[in-house]
Amino acid sequence: MAFLQSFFRKQFNPNPWWDAVAAVVIAALLGIAVYLSLLFYTHHGNMVVVPEVVGKDYKEAKELLEDAGLRVLVTDTGYETKLAPDLILYQHIPAGRVVKFNRQVFLTINAGHPRMKPLPEVIDGSARSAEMKLKAMGFKIGNRKLVPGDEDLVMQVEVGGRVVKEGDRVSVEDPIVLVVGNGDVVETYNGNDSLDWAFQRQFEEEEAKKEAKERELRERERERRRAEESNGEEREGKNHSDLPAAAPIHSVQGERIGPPRRSEDLFN
């Protein structure tokens with residue numbers, strides 16, 4: 001800019017106004033250059049028609065879109081057993097729509113195998129909440145299998161007849177069967193109950209044994225006390241039977257002894 005200003009000063013009258021004119025001209029030229037570069041880069045005003053690529057191979061679809069002046073990005077995959085892998089299942093901009101040049105088109109292609117996802121934690125929770133969680137993750141839900149246990153409690157999960165656990169990768173196409181309690185609680189541990197239930201059961205059995213032992217000790221103490229009391233009564237009764245019989249006591253109350261006798265009569 002300083003070079004242009006010095007150029008204008010040399011070519012024209014060195015009036016201060018020429019500096020202002022030179023600055024305006026330079027700014028205008030820069031603005032026009034930027035505008036033209038943006039038009040060239042963005043192809044402003046250049047519109048294209050989106051071609052149909054659903055059902056085509058990914059390589060072919062990519063070439064068609066790029067030849068039309070569009071960009072391609074695969075954002076998702078699906079799985080259709082009747083279609084070959086890498087076929088286009090969905091394009092987010094429908095065919096025939098007019099869009100700007102260099103617009104990006106998102107595609108969904110068919111995978112070579114079903115998607116596998118890790119099974120979340122659903123054991124020992126309610127069947128309703130487990131089904132909601134699994135559906136939100138894209139899993140298919142099969143019919144419930146009812147077994148004896150706490151009502152609506154998920155006791156295990158099965159896929160294709162085999163038991164699966166938390167973290168196992170499961171196909172989103174295979175129905176998940178929840179093994180749920182029907183309300184008939186089983187008091188014996190059958191291997192299908194949770195580990196917490198087994199610990200609780202063991203604790204209850206130990207407490208029951210302690211209580212039975214305490215009752216037995218209390219009962220023995222009562223028997224010992226009864227035996228001591230019985231032996232004491234027998235010893236007391238035996239001591240009383242060994243004492244000599246007491247002489248009978250005659251009462252003299254109201255006895256008639258006759259008229260008083262004289263002293264000489266006592267010696268006759």
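Helices (DSSP runs of H or I, at least four residues) and strands (DSSP runs of E, at least two) are numbered from the N terminus. The structure is a predicted model, in which local features need pLDDT of at least 70 and side-chain atom pairs count only at pLDDT 80 or more, whereas totals for chains, interfaces and linings use all residues. Residues are numbered from 1 along each chain as its sequence is written, and side-chain values use heavy atoms, with hydrogens and water left out.

**View 1. Strand E1 and methionine 47.** Methionine 47 is found in strand E1, which spans residues 47-49. With a relative accessible area of 45%, methionine 47 is partly exposed, a class that lies between buried (under 20%) and exposed (over 50%), with a 1.4 Å probe and protein chains only.

**View 2. The two ends of helix H3.** At the start of helix H3 (residues 58-67), a side-chain oxygen of aspartate 57 comes to within 3.0 Å of the backbone nitrogen of lysine 59. Glycine 69, which follows H3, has a positive phi, near 90°.

**View 3. Strand E8 and its partners.** Six of the six residues of strand E8 (residues 154-159) are buried, so E8 is largely enclosed by the rest of the structure. E8 pairs with strand E11 (residues 176-181) in the antiparallel sense over five bridges, where pairing requires that DSSP finds at least two bridges between two strands; valine 157 has leucine 178 of E11 as its bridge partner.

**View 4. The hairpin of E8 and E9.** Strand E9 (residues 162-164) pairs with E8 in the antiparallel sense over three bridges, and valine 163 in E9 stands opposite glutamate 158. Two residues lie between the strands of this hairpin, and glycine 160 in the turn has a positive phi of about 65°.

Conventions. Polar contact = N/O pair within 3.5 Å; in protein donor to acceptor, adjacent residues only side chain to side chain.
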